[in-house]
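Here is a short briefing to read alongside the model. Take a look at the fold first, then follow the points below.

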Amino acid sequence: MLPKYEIIKRDIIKKIDEGVFNAGEKIYSESELKEKYSVSNTTVVKALNDLVSEGILIRKQGKGTFVRRHLLHKKVLFSELTPKDNDSQNAIEKTITNVSSPYTDKKISMKLGSRTGKDKIVQIRQIAYVNDVIWKIQDRYVFSNKLTANTIKNLNKGASLSKELNITEDTANFPIKMKIRAVILDRYSEIFRMIVKENSDLEDKEDIALICLKKTTYNSDEEPIIYMQSYMHPNYYAIEITSE
């Protein structure tokens, strides 16, 4: 179950997408939101402040809250460009998959919706190579009780996680929350050691710059089902955004 402030945020964004509120227009007041969702003023303020921080709304003293005139409220097409997109003729790709045994990680478990953080999870790690060089290390996490022994066997062979979770819809159409940023990893990082181990050109490096992508995928009931962390070499990954 999503927190009430998150439900309010998603409803406001949905109304912006549907054109109920257009760029520059005033939205509901705090009192209207409080009554509409039967929540406290603190919950309403949290939702509005988050949307302001995310660049979706702007608050004007004594006037109310308005949709910001900004790219963030336009519908956009988000495309990820991978090695084959950048060099389709020369890119030879392969992927190695490894599924961990069930274990406990409070932080990730709670990202998947656990209230206590004690629910066991499984890590599905995929190491992607282009021309025998690691360009991406991707870790996906699900609750261990979602997978059977046969499912894990199939995943280790490269089977689709969505299919093994019996998700019939295309997860690309599911709600997601994603953050992309540049990070610097040093020799104490597991990811750094994995990449350097298989790339002799980086042996003398003290740190490396990578693109870090973190994404949570939600089902139609808005419950988190998959949490993912990816680290990618900037030479092999880019994003392209086109707005309406």
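**Briefing: a sheet, a charged patch and salt bridges**

Arg 181 is found in strand E7, where strands (E, at least two residues) and helices (H or I, at least four residues) are DSSP runs numbered from the N terminus. Please keep in mind that this is a predicted model, in which local features need pLDDT of at least 70 and side-chain atom pairs count only at pLDDT 80 or more, while totals for chains, interfaces and linings use all residues. Residues are numbered from 1 along each chain as its sequence is written, and side-chain values use heavy atoms, leaving out hydrogens and water.

**The sheet**

- Six strands form an open sheet in the order E4-E5-E6-E9-E8-E7, with antiparallel pairing; two strands pair if DSSP finds at least two bridges between them.
- The edges are taken by strand E4 (93–99) and strand E7 (176–186), and each has a single partner strand, so one side of each lacks a neighbour in the sheet.
- From one strand to the next, the twist averages 15 degrees, with axes fitted as lines to C-alpha atoms and angles running from 0 to 180 degrees between N-to-C directions.

**Strand pairs, from either edge**

- E4 pairs with strand E5 (residues 121–130) in the antiparallel sense over seven bridges, and Lys 94 has Tyr 129 in E5 as its bridge partner.
- Arg 181 stands opposite Cys 212 in E8, and Cys 212 in turn has Tyr 231 in E9 as its bridge partner.
- E8 and strand E9 (residues 224–232) are antiparallel too, with eight bridges joining them.

**The positive patch**

- Arg 181 also belongs to a surface patch of positive charge, together with Lys 107, Lys 111, Lys 177 and Lys 179.
- Such a patch is made of residues with over 30% relative accessible area and no salt bridge, like charges being joined within 9 Å; the areas come from the Shrake-Rupley method with a 1.4 Å probe, and each charge is placed at NZ of Lys or CZ of Arg.
- Helix H5 (106–111) and E7 are the elements that give two or more residues to the patch, and E7 supplies the largest share, three residues.

**Salt bridges**

- The count comes to 10 salt bridges, each being a side-chain nitrogen of Lys or Arg within 4 Å of a carboxyl oxygen of Asp or Glu.
- One of them joins the side chains of Glu 6 and Lys 9 (3.7 Å, N to O).
- Glu 6 and Lys 9 are separated by about one helical turn because they lie three residues apart in helix H1 (residues 4–17).

Technical notes. Patch = residues over 30% accessible without salt bridge, like charges linked within 9 Å, V, L, I, M, F, W, Y side chains within 5 Å. Lys, Arg positive; Asp, Glu negative; His and termini not counted.
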